[in-house]
Amino acid sequence: MNKTTQFRNLLASPKLEFLMEAHNGLSAKLVQEAGFKCVWASGLAMSAAMGVRDHNEASWTQVLEVLEFMSDAVDIPILVDADTGYGNFNNVRRLVRKLEQRGLAAMCIEDKLFPKTNSFIAGEKQELAGVEEFMGKIRAAKDTQRDAQFALVARVEALIAGRGMPEALDRASRYAEAGADAILIHSKKSTADEIFSFMQQWNHACPVVVVPTMYPSTSAQTLQDAGIKLVIWANHLLRASMTAMQQAAETIQREHSVLSLEHQIATVADVFRVQNEAELQAAEKRYLPSHRAVQVVKDKARIRG
């Protein structure tokens with residue numbers, strides 16, 4: 001089953017489905033290995049992994065290169081956090097073509113202005129795009145896609161920007177009318193009360209996606225009971241890896257030794273496994289002349305030794 005169909009099936013699933021953040025090929029593989037059915041390619045996480053801020057400081061082509069490695073690494077679909085679409089409707093059209101070429105299943109665009117600011121930084125100071133302008137982006141994306149199954153998730157930032165529930169509902173309804181395949185309703189509150197209020201008033205024109213970063217204590221069952229279709233764990237692998245790397249670096253610097261870490265970290269063999277080194281070795285036996293294959297094995301043994 002192709003990746004776009006897999007993602008559509010998640011939107012249509014009778015039960016709550018979960019997406020896990022990844023920010024490069026390695027983390028995407030680990031998401032798949034953990035049993036998740038879909039990857040969230042987080043803009044925050046990808047920019048942080050590049051060492052830049054989540055303000056569109058990384059160009060969209062730099063992000064696209066990361067996405068290509070991620071797409072090649074997994075068999076499950078990827079929902080791309082595409083920020084505002086990196087410009088106007090014309091930028092969105094080109095983005096859709098490039099994502100489809102690289103096998104990405106879906107993209108999420110938000111109704112803020114380019115360059116964007118992370119939703120949890122500026123809060124109510126954030127500027128939103130006009131409704132008609134954003135509807136034009138949605139229509140442009142849907143008119144451009146070649147795979148009918150490619151999905152667009154429209155992210156509503158009205159609650160983040162302090163615009164209130166009526167505007168959030170109006171924007172969501174109009175984005176669905178423009179052709180969005182799902183709505184992501186975003187909130188920065190420490191509880192899911194805003195989300196539940198939205199769901200009670202939502203006309204269910206299309207499925208709803210949430211990102212419970214700020215309300216992590218809300219149970220999955222409660223979210224499912226509210227009628228939500230997808231939950232995105234949006235930045236947790238990046239945050240976990242930062243903690244692990246900080247602790248490892250501090251330990252090695254303090255002890256001037258790696259000995260105490262050896263039983264706590266992945267082995268080199270684990271790294272080779274995730275890189276699928278076994279496939280290359282099998283391919284060498286099939287495609288290289290026998291004397292060449294022997295020499296390659298010897299060279300690798302010498303390097304590793």
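Visitor: Which residues of helix 12 are buried?
Guide: In this predicted model, helix 12, spanning residues 277-287, has Glu277, Ala283 and Glu284 buried.

Visitor: Why do they end up on the same side of helix 12?
Guide: Around the axis they cover an arc of only 120°, so they lie on the same side of helix 12.

Visitor: And what does the face turned away from the buried side carry?
Guide: That face of helix 12 carries Ala278, Lys285 and Arg286, which are exposed.

Visitor: Changing topic: how do the axes of helix 4 and helix 5 cross?
Guide: The axes of helix 4 (residues 60-73) and helix 5 (residues 89-101) cross at roughly 20° and come within 11 Å. Angles under 35 degrees count as roughly parallel, and the two helices are therefore roughly parallel to each other. The crossing of helix 4 past helix 5 is right-handed.

Visitor: Which residues make the contact?
Guide: Helix 4 contributes Trp60, Leu64 and Leu67, while helix 5 contributes Arg94, Leu95, Lys98 and Leu99. Of the residues in this contact, five are nonpolar, two are charged and none is polar.

Visitor: On to the backbone: which peptide bond is cis?
Guide: The bond from Phe114 to Pro115 is cis, and its omega is near -5°. Pro115 is in the loop between strand 4 (106-110) and helix 6 (131-144).

Visitor: What about phi of His204 and His256?
Guide: Neither is a glycine, yet His204 has a positive phi of about 60° and His256 has a positive phi near 50°. His204 sits in the loop between helix 8 (193-201) and strand 7 (208-210). The loop between helix 10 (236-255) and helix 11 (268-274) holds His256.

Visitor: Is His256 buried or exposed?
Guide: His256 is exposed, at a relative accessible area of 68%.

Methods:
Residues are numbered from 1 along each chain as its sequence is written. This is a predicted model: local features need pLDDT of at least 70, side-chain atom pairs count only at pLDDT 80 or more; totals for chains, interfaces and linings use all residues. Side-chain values use heavy atoms; hydrogens and water are left out. Buried means under 20% relative accessible area, exposed over 50%, partly exposed in between (1.4 Å probe, protein chains only). Helices (H or I, at least four residues) and strands (E, at least two) are DSSP runs, numbered from the N terminus. The arc is that of the directions from the helix axis to the C-beta atoms. Axes are lines fitted to C-alpha atoms, for helices over the stretch in contact, and angles run from 0 to 180 degrees between N-to-C directions. Angles under 35 degrees count as roughly parallel, over 145 as roughly antiparallel, 65 to 115 as roughly perpendicular and the rest as oblique. A crossing is left-handed if the near helix is turned anticlockwise from the far one by less than a right angle, and right-handed if clockwise. Contact means heavy atoms within 4.5 Å. Ala, Val, Leu, Ile, Met, Phe, Trp, Tyr, Cys and Pro count as nonpolar, Asp, Glu, Lys and Arg as charged, and the others, Gly among them, as polar.
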